[in-house]
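Dear colleague,

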Amino acid sequence: MKVPYACGSQEHLLARRGFLGTVAAGAGAVVGGLNVFSESQAMAELASEQKRVVVFNMHGGLSQLESWDPKPGTDTGGPFRAIPTSVPGIHISELLPLTAQQMQHLCLVRGVNTSEDDHGKGAYMMLHGRRQTPASDYPTLGAVVARTVTPADPSLPGHIVVTPGGSGGRGNDAAYLGPRYSSITLGNGQPPQNTERPGALTPESDAARHDFRRKINERFLNRRRTAVADAYAYSYEQALSLMQKREIFDVSKEPAADLERYGTHDFGRMTLLARRLLENDISFVQVSHSNYDTHNENFNFHLEQVAEFDRSFSAFVADIATRGMLDSTLIVVLSEFGRTPNINQYYGRDHWSRAWSVVMAGSRVARGAAYGKTNANGTAVEDGQVDHANLFHTYLQAVAVDSSNSFDINGRELPFADPSSHGIPEILT
Amino acid sequence: MTRPHLFVVCLQLFAGSLLAADPPTLHDEIDAVFRSQSALQEPPLCSDAEFLRRASLDLNGVPPTADEVRAFLADESPDKRAKMVDQLMASPRFERRLVEFLDVMLMERRPNSNVTQDEWVAWLLKRVQEKKGWNELAHELLTANGADGERAAARFYLDRGSDPHLLTRDVGRIFLGRDLQCAQCHDHPLISDYLMLDYQGMLAIFSAGYEVKVKQGDKEVNCYAEHSGSDLQFESVFFKGTPHLSSARLFGGAEFQEPFFLPGDEYSVAPADKTISVPKHSRRQQLAETATSGQIHEFNENMANRLWAFMMGEGLVPAVDVHQSENPPSNLELLQLAGQRFAATNFDMRNFLRELALTRVYQRAWDAPADLMPQSVAATDLLAAAQNETAAIEQAATQADANLSAALSQFYEAEAQLVPAVKELQDARTKYADQSKKVAEALAAVQKAEGDVSAKQAIVTSVAEASGKAKVAAEKLPEDKELAAAAATFAQRATQLAAELEQLQAAVNEKKTAHTTTVEAQNAIKGEVEAVLAKVKPLRDALQQKDAALVTARQASIQTNTKLNSHQQRVEALQQLVNVKVIRDQIAAQQQTIQTERQALALAQTNVTDYAATVTTAQNNQTTAQQAMQTAAAQLTVAETQHAEQLKKVQTLTVALTSTEAAQQQLPGDELIGEAIAKLKERSTTLNETLGQRATEVEQAKSQVTESEKQLAAATTAMQQVLQERDNRVKAQQDAQTRVDGAVGQLATLESNETQNHEALLKSLSRRAVLSDLQPLTAEQMCWSIFEVTGVYDRYRAGEIAELDKASPLSEEAKQDPNQVLAREREIERRTYEKLKGNLGVFITTFAAGAGQPQDEFFATVDQALFTANGGPIQSWVAPAAGNVTERIVKAEAPELAAEELYLGVFSRMPTPEETQDVAAYLASRGEQKPAAAQELVWSLISSAEFRFKH
């Protein structure tokens, strides 16, 4: 039901109604309300080429040892082998045989140290690029991308989260950027709420009532035109436009053969939906894969779970590359943390944030690379150590957003990313 | 407006009104201030219907019903607006509305982790019904600890996780209107009014607070307890290595004076497990008392401004949680007046809202003024005067800033003197605390030894008794050896125990001596502490003096800069007003220019057109010359051909003559030959004559050609000149066209400037309360308003009334008792609210900002439109049902009546004739489907901007 204004809709509005610009000039530095006034300035900060970001959130904490940074034959290595990939010299876990064949597109970041072993806090840091503090909340990566990356189609939402549960409604994750940049959660690949005409109305009567609404609004706006009333009236036109594009969210419109390739499980379906959304110019999509919190039976669990991921993810990467979208799409695979090198008495691995891996691909990210290094049994980072804040800067820079820039929120300068940190220039081209 | 309203009322007029015998009401004072400063003397007021909808939404959270509108429009009493305000405020829905306002302001829709929403709302409602002042309410909130009884009051702290930084920020924002967040690690980089010592001063209050689990009933709950505060040090990230003292202080005020307690003496209830500790000196208590004293203008003005925004749509200070000189009030004098009066009336929120509702300012029209020209003309002088004043204010601001700078350095100098002494004091305190621990240990040792003695004493006594009795028994049974042995054993043991007891007593004495030594040492340290304290005192006194000077300098700086910025905004608004005429004149001049340029263009066009004939003539001449040239050339060709032919004949004859003459020489005297020669010669002569003729003809033809060439050249040159001239004229025409286009473009720019200036001016006028502004309905207002206009609320209310009347009918006597009637009204409202409140959630998630985010920013999102357009609930509420607006439309036979029901029911006003026509047409087009059509119409109005906003 809750679809935030896609990023740029206000800019669209701005173009439509030129007068708004100088309203800001007249109203002084502090302009409450709609934020339309500071948008034109924000526009100047934006990347020129249409970019997209997709994040695979490996919920619960993917084991780096059973995926991107295997340590076979060591005390911490566990039962699985490492296999060669399409990039000579880079080996990953044998649980990712299909992804190994896509390594030429990927960049492994193996020196991640986030020093936070709590699920909630770790997830917050990875998705917000900063530690959570009680007195200030920050927008998520999705909200920042939705706001800073110009959308090709402003009537579509810029920030989508695809997850097995979910309401189809608006999230509360945009902090000071406001509800327009909040996520909409598409539960089980269902389209956003309330995007279907009520059953009792015929298309003609629906059109008639909207016409009548327009006429009423026009009369009201003629009495005195204001930005807020204009924006409100316009949101209905956007809603109608979104209803017409409802099929974008319908994964069943994709060929059955593709679903077969991606896997007919939830994750396969959600990953295929992500491809569909990105192809339709949604700026940011996040897909969750649950649940990697394997304190017990880590190996059996990863055997099953990673295989599911391998199939969908490898197909996704291959498709994005063959469809020519890799240059404009940033792909990220992250978790809240990794898992302990130590294997506990239940054959499990516990929470571990000192030395783990994140994977990136596409846009400006180096291809077929492995950056950073852990020691022989994976208990410490030896080289190329980075944290959540470095990664967050890098995600933005990868899609040509200057991460040292700031939002102007009613005269307050709020940096896109942690101003005391910086990106990882070594992996950006 | 029938005549130009000038705005030449000066401050004296206002001052004069204050001297009148009867103290003026606040609403009159407010209007007087506006009148004294407004650029439009008496701006128009809104219509009755608009006023009713506005007041009803503000005071009861819902628009009026159709019947209420009809009654109000029919009422002819002159004071009906004032009466309506009182009527609306007497309703329990006013109390509900105020509770919703306070809830959202205080908690910003944060999740209920420690106190349920029901408990919290009930607590607020009780306070509102008891007519508590804002000061009392704030005091209660700021000093709450969550103990049994008034647990809900602690929600402000507990549901913020009791985090000191979050509380520093939110107490600053919500109670003082100052968001100090950016001054946490350094003086505020953008807002010069906010200093790091403000943040640290507030933080020092909330750092003393902490959460503790306490048993309440059969469960453990979080409570908010407090430590005894002490000086914490902080450094600016900009100036590392310079420690400052973070004494507790309110924003902009002096540091709190705190009594000194020796360690161990600070608490009336010491911190312990499952205990709410109570320090003898509570910083929160001091905060609450200072803030709510009525002396703190930040506290007074913050709430006055928020209540202003509640009624007027925008605060006098627009961003209500960032009062600072660069976010100045639209009217500084008015903000001060409002703050003072609000405090003076014991922070009575009802009274203050009532006064606001009665102002003319509240009743301003929303529509754009029809003609601003007369005001624009009149504003020119005012603008000049205002601009002249700027320099003086600027100078005062510069001076105030310099004073502040000096005061600040003096303060920091004094602080630097104090810091080492405070450090010493802290060390001495620590030493004392350590020694106190030793004293306690020594005392415990004494107590333990004394315990040992008394335990031993008991044994000694019982053994002595037993020994005595055994001795007696042994004496009575002298034969019994065993008994004798036992008696001896007893005697021996008694002796032994006595010795042991003696030893223990000695130990007690030893411990007592040790204790005495530690106490003496403690006393010595106490002396040290007192010595340091004596050293600290004059330094602290000196700092406090500098602090007082600093407070004065800061308040002066903030106020002067605020005045400056406020003044500059006024100048800007006046400039916009002046610009109305300036731009209009520019447009008129531009239209004149366009006319002139158009005339020039017409002339240039004529020049081009007129010249066409000349071009044609020249073209014809050239053509004629070309033809003559062609004719001459042809003639020359003919002449030359004829000449050549003749020449050939001559040559042929010459050859014949030559050979004939050669023959004559061979045959001299041959007559025939002679004759032939003679004939040939004769012939030759003729032929040569003709040849000469032909040659002459050739020459003639040649000269004819030469002549024609000359003429053609002349004609061509003439043609080129004509073409050049034509091009010049076309160019002139094009230039004229360009000038016309440019002028038209400039006109468009000017017209766009005019639109922009108009919009900016209307915004300024709204900000300066000359016009009213649009105010979006809150999530709660949206929910209750939709329930109201679709009849859902009334249906539920009727049900509750019926149930109550059946279960406990009011006696006739009770019906005469206003208290009982009010209690019944409240009960009906509460029960209806309880039945319907489940629907609030979806409106809050759709129309309200996220939890913990500021709740006063408008946003229009697609999901809102989708919810209204396609969501199930709204579709079902707009369906025809028992007497609701949709059903009334269906039942109305005449379309005029249907339109009236629709517009009165949803927009709370009568439809215009055009609107009535539209409704009639809509219904007519749907024929038999009238119920569906009526439902669609109601939906159209609910989803329109006119419904979404208060105006």
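What follows is a short account of what was found.

This is a predicted model, in which local features need pLDDT of at least 70 and side-chain atom pairs count only at pLDDT 80 or more, while totals for chains, interfaces and linings use all residues. Residues are numbered from 1 along each chain as its sequence is written, and chains are lettered from A in the order in which they are written.

Chain A has 12 helices and 16 strands, these being DSSP runs (helices H or I, at least four residues; strands E, at least two) numbered from the N terminus. Of its 429 residues, 56% count as buried, that is, with 20 or more other C-beta atoms, placed from the backbone, within 10 Å of their own.

Chain B is divided into domain 1 (139-289), domain 2 (374-568), domain 3 (611-760) and domain 4 (776-950), with bounds from an automatic or database domain assignment. The centres of domain 1 and domain 3 of chain B, taken over C-alpha atoms, are separated by 111 Å.

The contact between the chains takes 61 residues from chain A and 63 residues from chain B, where two residues are in contact if their C-beta atoms, placed from the backbone, lie within 7 Å. Elements giving two or more residues to the chain B side include α17 (481-610) and α19 (671-767).

Within chain B, the axes of α17(B) and α19(B), which are lines fitted to C-alpha atoms over the stretch in contact, come within 8 Å and cross at roughly 165 degrees. That makes α17(B) roughly antiparallel to α19(B) (angles over 145 degrees, on a scale from 0 to 180 between N-to-C directions).

How values were computed:
Angles under 35 degrees count as roughly parallel, over 145 as roughly antiparallel, 65 to 115 as roughly perpendicular and the rest as oblique. A residue is buried if 20 or more other C-beta atoms lie within 10 Å of its own, exposed if 12 or fewer, and partly exposed in between; C-beta atoms are placed from the backbone.
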